[in-house]
Amino acid sequence: MNFRQHLAWLKSRHQLLTIDQQVDCHLEAAEIVRQLSHQSLPSAIHLQKLDSSRFSVVANLFFPCGSDDVFSGARDGFCDALAAIPDAVPGTLSLAAWLNTQSDYAYLLQDQLCSDLKKVETLYDLPLLRYWPGDAGPYLSLSVAIVRALDGTIHCGVYRLQVQGPRQLTAHCLPGSRTQQIYRDYQQAGQEMPMVVVMGIDPAVLLSALLPLDTDVDPIGFAGWMQGEAISCCASPEHGLPMPSHCEVVLEGVVGRDDPKMDGPHGNFRGTYTTPVLCPVMTVDQIWGREDAICPVTVVGPPPAESYCLARARLPYVKWRMTRDFEWVTDVKWIETAEYHNALIVQIKDYCNENGRDVLFDHQLMKGASMVVLVDQSADLSCPEQIVWQCFNVPWREVVYYHKETLVVDATQIGSRQRLESDSQVRRRVEQRLKRWNLDMHRGL
């Protein structure tokens with residue numbers, strides 16, 4: 001499912017709201033999206049007429065759907081597709097090695113750009129939104145940056161790209177991110193890093209770029225496998241980087257030709273402005289776009305911003321990977337409204353010891369986690385009230401602590417006190433009687 005097909009699919013489900021009135025890119029467009037989002041409208045929002053660009057934008061692309069919807073196609077859904085991967089992955093066989101055996105879903109490179117793409121003069125021809133009054137400038141918010149590491153592996157990432165001039169962007173990559181590591185390798189080798197930025201691509205590729213995949217996993221090939229259909233790609237003209245063929249806008253250039261520039265402040269998902277930092281500059285050599293290009297944007301901020309929907313869509317992969325890597329992990333769930341902070345509830349089996357928990361906290365998927373709540377198998381992860389009750393019923397001085405920078409709440413025990421449990425025989429007998437009486441439909445805490 002490419003970008004245009006996804007929009008048509010949303011429209012067929014009455015989940016694409018179109019606004020054909022003139023809208024100002026300076027704060028007004030973002031405010032429209034925020035106010036409509038707070039009305040709990042489960043819709044993407046297409047702003048057709050912008051004051052400063054012939055192109056249009058669509059926001060809340062992932063707002064009305066989850067990862068199963070995004071990966072719709074030949075697969076039954078994201079969760080089912082992950083469950084179908086052999087049990088040996090990623091144990092005795094890495095995900096990358098197994099993915100290489102799925103050759104039907106590997107992308108094939110074409111030699112030329114899509115004929116629908118035409119030259120665009122400068123970045124100022126694109127729809128550049130300013131989202132919050134204190135933002136240092138407009139930026140591209142839902143574009144995918146594609147780079148090739150020196151070892152030949154491809155990486156895709158979603159980063160904020162602040163416009164610094166008609167052909168300059170600062171790339172704000174978080175410390176420790178894969179793109180930052182690749183850029184440092186280029187710096188040490190005394191080379192500029194080629195980069196392609198694509199907007200309006202197959203949603204599966206965008207979501208794959210957001211997933212915490214291993215560095216040797218090809219994200220475009222992974223996206224093709226997950227949706228059950230290979231992603232059609234072409235090689236970028238200057239550097240031969242792979243990019244989905246059905247793009248709305250393409251930027252090609254290099255990072256590192258010019259000195260770093262200050263990026264920010266910008267409003268972010270924490271509900272505050274970021275601290276300005278020096279970031280590497282992408283010098284854009286070529287820009288292409290469709291005549292009627294639709295550029296995806298995401299209005300970042302406190303809930304119910306789309307950033308939380310994007311984070312929630314990653315959960316099936318995180319759960320699949322953690323339950324595969326740790327046989328004593330039975331379930332994983334985000335803490336509601338804290339998904340983007342990587343705050344997790346992890347359900348574990350009783351025989352997980354303290355050393356095992358430390359290994360869990362050091363796992364790559366836990367990197368940057370702000371908070372982890374541990375619960376045992378008696379907890380119902382579908383009942384937030386029960387989780388909160390369980391957390392506040394533990395002796396905090398004993399079970400609340402920091403592991404490096406992660407706050408840990410170990411709610412798997414209540415000190416030395418014996419848990420309240422019903423008599424098992426009586427419980428089963430009552431369950432059967434309630435079924436006969438048709439009184440088993442409403443289960444409480």
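This is a predicted model: local features need pLDDT of at least 70, side-chain atom pairs count only at pLDDT 80 or more; totals for chains, interfaces and linings use all residues.
**Strand β7 and its partners**

Helices (H or I, at least four residues) and strands (E, at least two) are DSSP runs, numbered from the N terminus, and two strands pair if DSSP finds at least two bridges between them. Strand β7 runs antiparallel to β8, to which 5 bridges join it. The hairpin of β7 and β8 has 5 residues between the strands, and Gly152 in this hairpin takes a positive phi near 95°. Strand β7 also runs antiparallel to β11, here with 3 bridges, and Val144 has Val198 of β11 as its bridge partner. Of the 5 residues of β7, 4 are buried, where buried means under 20% relative accessible area, exposed over 50%, and partly exposed in between, with a 1.4 Å probe and protein chains only.

**Helix α6**

Helix α6, which spans residues 178-188, has Arg178, Thr179, Gln180, Ile182, Tyr183 and Tyr186 as its buried residues. What covers these buried residues includes β7 (144-148), β8 (154-158), β11 (193-199) and β14 (249-255). Just after α6, Gly190 takes a positive phi of about 70°.

Leu27, with a phi of about 75°, has its place in the loop between β1 (16-23) and α2 (28-38), and because its relative accessibility is 22%, Leu27 counts as partly exposed. Asn438, with a phi near 60°, lies in the segment after α14 (424-436), and its relative accessible area is 56%, so Asn438 counts as exposed.

| Cis peptide bond | Omega |
|---|---|
| Gly264 to Pro265 | near 5° |
| Pro303 to Pro304 | about 10° |

Pro265 has its place in the loop between β15 (261-263) and β16 (277-279), whereas Pro304 is found in the loop between β18 (294-297) and α9 (306-312).

Technical notes: Residues are numbered from 1 along each chain as its sequence is written. Side-chain values use heavy atoms; hydrogens and water are left out. Contact means heavy atoms within 4.5 Å.
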